[in-house]
Amino acid sequence: MRKPDLLPNESERLQVLHALKILDTPPEERFDRLTRIAQYTLKVPIVLISLIDENRQWFKSRQGLDAIETHRDISFCGHAIHGSEILCVPDALQDFRFADNPLVCQAPNIRFYAGAPLEVTPGQRVGTLCVIDSKPRELTAEQAAILTDLAGCVVAELRAVEVFKLAQQLRDLEAHWRTLLDTLVLGVVTIDARGTIKTVNPATERMLGYPASELLGQNVRMLMPEPWRSGHDGYLKHYLTSGQAKVIGLGREVVGQCRDGSTFPMELAVGEMRVRDEPIFVGIISDITVRRRAELALESSLQREQEQSRQLAQKNTELADMNLIKNQFLGMAAHDLRNPLSALLGMSTLLLDAPQLQEADKRTFFASIKRVSEQMLDIVNDLLDVAIIESGCFVLNRQVESLKKLVMERVVLARFTAQTKGTVIEFAEKMSVLATFDAGRLGQVVDNLLSNAIKFSPAGSRVWVRLSEEVDHVGFSVADQGPGISEADMDRLFGQFQKLSNRSTAGEKSTGLGLAISHKIVAAHGGSLQVESVQGNGSRFIVTLPRS
């Protein structure tokens, strides 16, 4: 038997193959349709679309064969990709290259083989469309032409893979963007240069009491009480001619008017973008009525407490400091939501209205939209979790579940992120551990610990996930090879809004709430979240839950 040689351009060929991102993907009808046609037309029992990577031939589509791959060293297709023409073997037993090949001597007992190379780009052949029979036979000129044509169809489908993926990404991003706007608690309104309302989200409808049908196409001044209503058109015209405005790019407290004529204080930030060279203004509005009442109540309380003793005054100062920290955090979160959302709307509109964009530009926009959306969702989710926990309305939906299943599902998802840093997550537990817990909330804890472990581990390191089971409790742990945690930071590790100096990563934003939320979720289960760490030698976070 003769093993197939590597091609002179093997490195470039493999780059083309992996760029298709098709290896180890599920079967697809558009490929299976072609192999069925080949099987019927050429009257052969076995037809394969075979892709050759570093060590194997893997079958994207197969008819008449159960195996999904074989080693490259025994592949016929590894020989076929050396030329641009069909490789035909009428009788493998009479060919010195294949006479003692295991695929000839054993099942599927190949005698006849004909493989048409799949040349995706000039000179780069990634595999073959091959037909196989267990009896010797010849390939007629007509059959060779059919096989060549069908191979061309397979190549066309391979080249279309990236197009399909990009289209699906665009649909997913559009759905993601629409879902984000529909669920956002902040109001979002867009207007044109004449002040005409173009779009509103559901939060705006709820906040102002108008259905969207009564807002779209109307001048935005209808949402303002006097004297701002009468002056708005002149204000907008002044900005368009001079470029000067007090609201653009900044948050400002204004007064909004509802459908029933009532007014309320709101915070408004406006961003500008251009669509087909026309200005579009995006307004982000937030009802701050509750905040205003709380601030007034706080001011009144502080005034009363200032008349009390030094001890009470000191206590009030501490409360004010805590309130200041929260206000600073809320200001930061609001800023982080407004700016990414303006960018998200701008890039999405440009993608929809500018089909002439180059593919490279589209990819850049897709990556930016995904990154911005993930940042916004992280901030919103953390804020909602803190609000729920601190409101006293935090309720767990606990059921008897498999802890192994929960952890395994989260590990599988985290491995996609870990691969981008070259980090390996090890989890191979065989024990099936049952416990009573809220799968959604406990999954949130697993996600946070895995995310931190990946984030703070150096490239090429490992993260270990382990289960534990004792007589009266069960649990799991996540260990990393990161910088560890100093003794000085241990005491504030699970506090809100905390970011530790030696566990920060350049360019990554964080609310500082993840571990605090995780700690409260585990405590609500009656369990504990602890950490073992030596600075410079990694950290191990341990979650312990009561068995029932």
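**Exercise 1.** In which sense do strand β12 and β14 pair, and over how many bridges?

*Solution.* The structure is a predicted model. Strand β12 covers residues 399-402, and β14 pairs with it in the antiparallel sense over 4 bridges. Within this pairing, Gln399 stands opposite Phe437 in β14. Phe437 also belongs, with Ala435, to the covered face of β14, whereas Leu434 and Thr436 make up the uncovered one.

**Exercise 2.** Describe how helix α13 packs against helix α15.

*Solution.* Two packed helices are described by the angle between their axes and the distance between the axes. For α13 (residues 439-456) and α15 (residues 514-524), the angle is about 145° and the axes are 9 Å apart. The crossing of these helices is left-handed. Next, the residues that meet are identified: α13 contributes Arg441, Leu442, Gln444, Val445, Asn448, Leu449 and Asn452, and α15 contributes Gly514, Leu515, Ile517, Ser518, Ile521 and Val522. Sorted by class, this contact has 7 nonpolar, 5 polar and 1 charged residues.

**Exercise 3.** Classify the ring pairs of Phe76 with Phe98 and of Phe76 with Tyr113.

*Solution.* A pair of aromatic rings is described by the distance of the centres and the angle of the planes. The count comes to 2 aromatic pairs. The centres of Phe76 and Phe98 are 4.1 Å apart with planes at 10°, so this pair is stacked. These two residues lie 22 residues apart in the chain, and both are buried. The centres of Phe76 and Tyr113 are 5.1 Å apart with planes at 45°, so this pair is tilted. Here the partners are 37 residues apart, with Tyr113 in strand β5. Finally, Phe76, Phe98 and Tyr113 form one aromatic cluster.

Note on methods:
Residues numbered from 1 in each chain as written. Predicted model: local features only at pLDDT ≥ 70, side-chain atom pairs only at ≥ 80, totals over all residues. Heavy atoms only, no water. Axes fitted to C-alpha atoms, helices over the stretch in contact; angles between N-to-C directions. Left-handed = near helix turned anticlockwise from the far one by under 90°. Contact = heavy atoms within 4.5 Å. Nonpolar A, V, L, I, M, F, W, Y, C, P; charged D, E, K, R; others polar. Buried < 20%, exposed > 50% of the residue type's maximum accessible area, 1.4 Å probe, protein only. Pairing = 2+ DSSP bridges. Phe/Tyr/Trp six-rings, centres within 6.5 Å; stacked < 30°, edge-to-face > 60°.
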